[in-house]
Amino acid sequence: MLPPLRIRAARVIVTSPGRNFVTLKIETDQGVHGVGDATLNGREKAVVAYLEDHVIPVLIGRDARNIEDIWQYLYRGAYWRRGPVTMRAIAAVDMALWDIKAKALGVPLYDLLGGASRDRVRVYGHANGADIAETSDEVARYLEAGYTAVRAQTGVPGLAKPYGVSKDKDFYEPAEASLPVETVWSTPAYLRQAPALFEALRVRFGAEPLLLHDVHHRLTPQEAARLGKSLEPFDLFWMEDPTPAENPEAFRLIRAHTTTPLAVGEVFNSIWDAKDLIANQLIDYLRATVLGCGGITHLRRIADFASLWQVRTGCHGATDLSPITMACALHFDRWVPNFGIQEYMRHTAETDAVFPHAYHFEAGALFTGEAIGHGADIDEALAAKYPYEPRQLPIARLEDGTMWNW
Ligand code: EZ4
Ligand code: CO
């Protein structure tokens with residue numbers, strides 16, 4: 001039997017090695033510690049306060065072995081359920097507790113979750129360019145680097161800053177300023193450009209590479225249905241977030257008109273956001289993450305539920321999730337039977353140094369490594385060299401100034 005692992009101390013570490021990350025470190029009186037990611041891009045300090053003022057005080061003295069009970073305590077015990085701040089705070093605790101338990105047992109996390117269903121985790125990279133030719137060259141660069149799946153985003157004529165296009169191609173980071181950058185959006189221009197991009201990519205790269213695209217909530221259901229239909233000849237792996245998913249009913253219209261697979265859920269924070277989309281077979285891939293959805297304990301529950309309708313996972317893996325989330329996601333991906341694909345945007349060298357980790361990229365896939373726990377940690381001395389920098393995500397307006405979805 002695993003002896004009790006009493007939580008002795010917990011603290012929040014904020015660091016900004018190129019962008020902001022919030023980390024929770026939990027220590028037990030057996031000397032085993034665990035770390036969890038609590039980053040909420042553009043709203044970091046809200047989660048810091050939630051953890052420091054309301055969560056850490058109730059963790060002290062608890063037995064870290066009881067991951068499920070602690071999850072239920074934090075979820076039910078708050079009375080105010082769900083929401084991105086609460087669920088990321090719970091996720092951070094959950095990641096740290098799975099890390100502690102796997103370390104105490106001397107096994108890698110995937111082993112504790114039920115063992116490996118696969119030896120590698122297929123990832124997709126992000127290709128983007130100012131125009132179709134530049135995006136196409138970026139796709140070529142990813143394929144040469146061994147990727148078998150690539151998300152492609154391109155500039156739209158007349159729009160200065162469309163979603164997903166950046167100057168620094170390798171380390172896309174939209175949260176660039178302390179106040180939100182204002183961008184302009186035109187749906188008609190975009191609806192002309194997106195099919196032209198994928199036509200050009202299929203002509204150049206043939207049928208084999210998996211191609212993905214993120215609409216980033218910019219369309220109405222009817223516009224999304226049209227886009228999905230116009231993309232059908234180019235056989236996308238998925239069309240992501242075609243319209244906001246607050247109202248799952250909106251997806252009935254999209255679904256009725258196109259067989260382009262749909263991926264939704266990077267902003268979801270619980271099973272309740274995903275339930276109707278899944279049970280009504282309105283989506284094919286779920287973008288919910290370990291960090292966004294209350295940790296491994298809750299994401300596992302969502303994935304099992306999704307498996308009943310053959311919905312597969314496609315965890316969000318942008319750079320605003322720290323390497324700790326990526327490590328947890330990879331152990332989860334390695335186990336989860338209904339795995340689809342994993343998003344992978346590379347972190348900067350500074351971020352990788354602050355968060356040493358056991359996973360590595362090879363031939364279009366990420367490998368968990370065999371370190372015990374989830375295999376990621378924080379170098380606190382190095383983290384202290386990168387103080388917090390206030391930054392917020394951009395906003396989008398239509399050409400007449402109307403506020404839109406970024
Ligand atoms: O814009 O995580 O698919 N990936 C995405 C991301 C999100 C960021 C927001 O912080 O849509 O790049
Ligand atoms: Co997205």
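Two strands count as paired if DSSP finds at least two bridges between them. Keep that in mind for the first exercise; the model you are looking at is a predicted one.

**Exercise 1.** Work out which residue of β16 stands opposite A396, and how β15 and β16 run.

*Solution.* 
- Step 1: Start with β15, residues 395-398, which is joined to β16 by two bridges. That meets the requirement of at least two bridges.
- Step 2: Look at the direction: β15 and β16 run antiparallel.
- Step 3: Find A396 and look across to β16, where W404 stands opposite.

**Exercise 2.** Describe how α6 and α7 pack: at what angle, and with which residues in contact?

*Solution.* 
- Step 1: The angle is about 20°, and the axes lie 9 Å apart.
- Step 2: Angles under 35 degrees count as roughly parallel, and α6 and α7 are therefore roughly parallel to each other. Their crossing is right-handed.
- Step 3: From α6 (187-205), the residues T187, Y190, L191, A194, P195 and F198 meet E223, R226, L227, S230 and L231 of α7. Seven residues of this contact are nonpolar, two polar and two charged.
- Step 4: Buried residues of α7 (221-231) include E223, L227 and L231. Among the elements covering the buried residues of α7 are α6, β8 (238-240) and α8 (250-257).

Conventions
Residues are numbered from 1 along each chain as its sequence is written. Chains are lettered from A and ligands numbered from 1 in the order in which they are written. This is a predicted model: local features need pLDDT of at least 70, side-chain atom pairs count only at pLDDT 80 or more; totals for chains, interfaces and linings use all residues. Side-chain values use heavy atoms; hydrogens and water are left out. Buried means under 20% relative accessible area, exposed over 50%, partly exposed in between (1.4 Å probe, protein chains only). Helices (H or I, at least four residues) and strands (E, at least two) are DSSP runs, numbered from the N terminus. Contact means heavy atoms within 4.5 Å. Axes are lines fitted to C-alpha atoms, for helices over the stretch in contact, and angles run from 0 to 180 degrees between N-to-C directions. Angles under 35 degrees count as roughly parallel, over 145 as roughly antiparallel, 65 to 115 as roughly perpendicular and the rest as oblique. A crossing is left-handed if the near helix is turned anticlockwise from the far one by less than a right angle, and right-handed if clockwise. Ala, Val, Leu, Ile, Met, Phe, Trp, Tyr, Cys and Pro count as nonpolar, Asp, Glu, Lys and Arg as charged, and the others, Gly among them, as polar.
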